Amino acid sequence: RRRRYQNPHIVPSLVWRDCTTEGKDAKSVAHNLSVFSTEQGNMTQTIELEINGTPPDLSGLVCDAFICESFAFDGKVFAPANVSHISFGGRQYRAYFDCGIIFWRSSSTPPEPWSDPEQGWNCPHIDVGALAGVVGVALNGYVMAPTATGSTIAFHFANGVQIRLEDMNDE
């Protein structure tokens, strides 16, 4: 049985703001953000952002594709964006989460939906780029940040659209 790796949410028009990013541009935050703190009662909890792989420099590149691969088991969707297949400036990448860690991988082939009917798995693709109107639009930058329940990546496009992927309560 396949383990559920994440439970991100896709929000194509979200206005994403975090106290750690105020007054900073998306590129500087994406490269410099590593820790933020939250107050809980009298205790301060420090949450670190952990990244596996090298986050690509995508600022200024035009979006070719933004495909989210869902994960469903026995007809029930567990993750609407189990893996995000993104292409900017002709280069393809995969972004995904596991237990709050953001994973970045280069990819050499376009994504294909897949399934295993014997096991009950289905991984359909959703063309979020077309739905959000960002294919053919330059990316201003993206912000990666730890959250109290996982981590997040927010992509900021030149046309004002923002796409946010969030890993929440991953077990």
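Cysteine 99 is found in the loop between β6 and β7. Strands here are DSSP runs of E with at least two residues, helices are runs of H or I with at least four, and both are numbered from the N terminus. The phi angle of cysteine 99 is near 50 degrees, a positive value in a residue other than glycine. Cysteine 99 is partly exposed, at 46% relative accessible area. Buried means under 20%, exposed means over 50%, and partly exposed lies in between, using a 1.4 Å probe and protein chains only.

Aspartate 74 sits in the loop between β4 and β5. Its phi is near 50 degrees, a positive value in a residue other than glycine. Aspartate 74 is exposed, with a relative accessible area of 60%.

## The model and the chain

This is a predicted model, in which local features need pLDDT of at least 70 and side-chain atom pairs count only at pLDDT 80 or more, while totals for chains, interfaces and linings use all residues. Residues are numbered from 1 along each chain as its sequence is written, and side-chain values use heavy atoms, with hydrogens and water left out.

The protein chain has two helices and 13 strands. Of its 171 residues, 44% are buried. Take the contacts between residues at least 6 apart in sequence: 62% of them join residues at least 24 apart. Contact means heavy atoms within 4.5 Å.

## Three strands in a sheet

β11, β12 and β13 form an open sheet, in the order β11-β12-β13, with antiparallel pairing. Two strands pair if DSSP finds at least two bridges between them. β11 and β13 (162–168) stand at the edges with a single partner strand each, so one side of each has no neighbour in the sheet. From one strand to the next, the twist averages 10 degrees. That angle uses axes that are lines fitted to C-alpha atoms, for helices over the stretch in contact, and runs from 0 to 180 degrees between N-to-C directions.

Strands of a sheet pair through backbone hydrogen bonds, either parallel or antiparallel. Between β12 and β13, the antiparallel pairing runs over seven bridges. Threonine 152 stands opposite glutamate 166 in β13.

Is arginine 164 buried or exposed? Arginine 164 is buried, with a relative accessible area of 18%.

Its side chain makes a polar contact of 3.3 Å with the side chain of threonine 152. Another polar contact, of 2.5 Å, joins the side chains of arginine 164 and glutamate 166. A polar contact is a pair of N or O atoms within 3.5 Å; within protein, one must be able to donate a hydrogen and the other to accept it, and residues adjacent in sequence count only if both atoms are side-chain atoms.

## Aromatic pairs

How many aromatic pairs does the structure hold? There are five aromatic pairs. Rings of Phe, Tyr and Trp (its six-membered ring) pair if their centres lie within 6.5 Å; planes under 30 degrees apart count as stacked, over 60 as edge-to-face and the rest as tilted. Phenylalanine 88 and phenylalanine 157 have ring centres 6.2 Å apart and planes at 20 degrees, so this pair is stacked. Phenylalanine 88 lies in β5 (residues 76–88) and phenylalanine 157 in β12 (residues 150–157), so the pair ties together parts that are 69 residues apart in sequence. Phenylalanine 88 is buried at 0% relative accessible area. Phenylalanine 157 is buried at 2%.

Tryptophan 104 and tyrosine 142 have ring centres 5.4 Å apart and planes at 40 degrees, so this pair is tilted. Tryptophan 104 belongs to β7 (residues 101–107) and tyrosine 142 to β11 (residues 139–147), so the pair ties together parts that are 38 residues apart in sequence. Tryptophan 104 is buried at 3% relative accessibility, and tyrosine 142 is buried at 6%.

## The nonpolar cores

The largest nonpolar core has 26 residues. Such a core is a set of buried Ala, Val, Leu, Ile, Met, Phe, Trp, Tyr and Cys residues joined through side-chain atoms within 4.5 Å. Phe66, Ile86, Trp104, Tyr142, Ile153, Phe155 and Phe157 touch the most other members. The elements giving two or more residues to this core include β4 (63–73), β6 (91–98) and α2 (128–132). Apart from this core lies another, of five residues, among them Phe71, Phe73, Ala79 and Cys123.
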